[in-house]
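Visitor: I would like to learn how to read a structure like this one. Please start with overall shape.

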Amino acid sequence: MVERLVAGGLAGAASQFAIYPLEIAKTRLALSAPGTYLGPLHCMRKVVKYEGARALYTGLTTSVTGIMPYAGVDLAMNSLLKEIASE
C-alpha cells in the first residue's frame, strides 16, 4: 500500500514537471493582450528568451506539493478497492 502511495505521488510530480510549462503558457495567453503571443510555443519561447527557462517553472513547488498527496492517495485507493473487489 505504501509503495503505491509513493509511486502515485512520484508519478504526479513527474507529470506536473512535464506539463507545467504549458500551464504557464496557458495562463499567460489567457491574461495577455490579444496579439502578444502567436500561440503556446511562441509564448514559451518569449518567456525563455526574456526571463530565462526558470520562469517556465515558477510556482512548480506549490503545484507539486498539492499533486503528490492527491495522486498518491488516488493510486493507492484505486489499487486497494480493486483488490477488495476481486476477492
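Guide: The radius of gyration is taken over C-alpha atoms, and the globule rule is 2.2 Å times the number of residues to the power 0.38. This is a predicted model, where local features need pLDDT of at least 70, side-chain atom pairs count only at pLDDT 80 or more, and totals for chains, interfaces and linings use all residues. Residues are numbered from 1 along each chain as its sequence is written, and side-chain values use heavy atoms, with hydrogens and water left out.

Visitor: What radius of gyration does the protein have, and what would a compact globule of 87 residues have?

Guide: The protein has 18 Å, whereas a compact globule of 87 residues would have a value near 12 Å. Along the principal axes, the C-alpha atoms fill a box of roughly 60 × 20 × 15 Å.

Visitor: How many helices and strands does the protein have?

Guide: Helices (H or I, at least four residues) and strands (E, at least two) are DSSP runs, numbered from the N terminus. The protein has three helices and zero strands, in the order α-α-α from the N terminus.

Visitor: Where is alanine 55 found, and why does it count as buried?

Guide: Buried means under 20% relative accessible area, exposed over 50%, and partly exposed in between (1.4 Å probe, protein chains only). Alanine 55 is in the loop between helix 2 (40-51) and helix 3 (60-86). Alanine 55 counts as buried because its relative accessibility is 10%. Buried residues make up 25% of the 87 residues in the protein.

Visitor: Which residues does alanine 55 touch?

Guide: Contact means heavy atoms within 4.5 Å. Not counting residues up to four places away in sequence, alanine 55 touches Ile24 and Val47.
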